[in-house]
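Please have the sequence and the 3D view open as you read.

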Amino acid sequence: MERSLTGGPSGPGGTGPGLLGGLPRQRSVPPTTGPGPAPTGPGVSGPTVQAARLPVAIRSVLRLLPTPLGTPFTSGYALVLAVTSYVASHADPAIVRSLHQGSSTDVAHLARYPVAVLFASALWIVGGFLSPYAAGFLLVLTALERRIGGVRAAGVFLLGHVVATLATEVPVGLAVWAGHLPGSSLHRFDYGISFGVAASVGSLAGLLSPWLRWPLLTLFGSVLAEDLILLDDPLTNWGHLLALALGVATWPLVRRAARARAVASGAVRT
């Protein structure tokens with residue numbers, strides 16, 4: 001808070017402290033008889049003002065990262081992903097491959113253990129904890145959870161992960177059954193958090209201001225569309241676009257949840 005530098009009627013003729021009566025256009029001089037705080041008027045940009053602004057800047061940066069109290073879902077999930085990424089990087093490759101195979105949401109596993117593999121497949125990050133999707137997970141889930149709460153953020157993530165997985169694997173099973181694909185397609189490797197992250201990006205965009213919302217959707221959507229055009233993994237790429245669309249479809253729900261949360265915290269008056 002800036003202080004106003006105004007004098008009081010303590011000098012001769014009520015002209016303020018340290019002023020000489022009858023002489024015009026004198027600059028008021030603040031008293032120097034106390035250690036008081038340094039003045040900070042308009043245009044003052046000394047160390048005191050910079051120090052006062054520093055905590056605000058630090059808090060703004062820290063809000064981009066998960067914290068155990070502020071974002072328990074994102075923090076706990078990130079810890080699990082960090083552990084599994086460490087295992088994937090340091091364990092024997094044969095063991096890691098076996099773990100990935102057992103966690104794969106391919107048609108064969110979904111037909112026998114649907115709930116278990118849907119859960120297990122979301123415990124791994126393709127490329128490890130330093131991959132782009134890991135960074136996206138931390139930033140997007142943190143921002144989403146701070147706005148709508150951990151339970152709803154988890155719901156958005158699971159919506160994208162589960163629905164996009166089923167939407168890409170069920171057609172494979174039907175194609176194999178109809179004889180259009182070989183039986184080996186039933187054991188296609190499929191695991192990771194990318195569907196959940198894509199849905200979270202789409203959902204978060206609805207809570208941002210338009211000048212952030214549309215560039216985010218345009219940039220992320222164009223990356224997904226480019227992957228689809230390259231046809232490296234068409235089913236997975238279609239799943240990413242579907243998950244993004246699912247996140248966009250949650251806008252009415254997440255906006256209502258974000259407003260209710262803001263009202264409950266006193267940030268918005270009803």
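Let us begin with Trp-251: at 11% relative accessibility, this residue counts as buried (buried means under 20% relative accessible area, exposed over 50%, and partly exposed in between, with a 1.4 Å probe and protein chains only). This is a predicted model, in which local features need pLDDT of at least 70 and side-chain atom pairs count only at pLDDT 80 or more, while totals for chains, interfaces and linings use all residues. Residues are numbered from 1 along each chain as its sequence is written, and side-chain values use heavy atoms, with hydrogens and water left out.

**The tryptophan pair**

What sits over the ring of Trp-251? The charged end of Arg-213 does, 5.6 Å from the ring centre; the rule asks for NZ of Lys or CZ of Arg within 6 Å of the ring centre and within 35 degrees of the ring normal.

Trp-214, by contrast, is partly exposed, with a relative accessible area of 45%. The rings of Trp-214 and Trp-251 have centres 6.0 Å apart and planes at 65°, so this pair is edge-to-face. Rings of Phe, Tyr and Trp (its six-membered ring) pair if their centres lie within 6.5 Å; planes under 30 degrees apart count as stacked, over 60 as edge-to-face and the rest as tilted. Because Trp-214 lies in helix H9 (residues 210–230) and Trp-251 in helix H11 (residues 251–265), the pair ties together parts that are 37 residues apart in sequence. Helices here are DSSP runs (H or I, at least four residues), as are strands (E, at least two), numbered from the N terminus.

By the pairing rule, the count comes to 6 aromatic pairs. In one of them, the rings of Phe-73 and Tyr-77 have their centres 5.7 Å apart and their planes at 50°, so the pair is tilted. Both residues belong to helix H2 (residues 72–90), 4 residues apart, about one turn of the helix. Phe-73, Tyr-77, Phe-137 and Phe-157 together form one aromatic cluster.

The accessibility of two of these residues is set out here:

| Residue | Relative accessible area | Class |
|---|---|---|
| Phe-73 | 21% | partly exposed |
| Tyr-77 | 12% | buried |

**The whole chain**

The chain's secondary structure comes to 11 helices and 0 strands. Of its 270 residues, 37% are buried. Among contacts (heavy atoms within 4.5 Å) between residues at least 6 apart in sequence, 70% join residues at least 24 apart.
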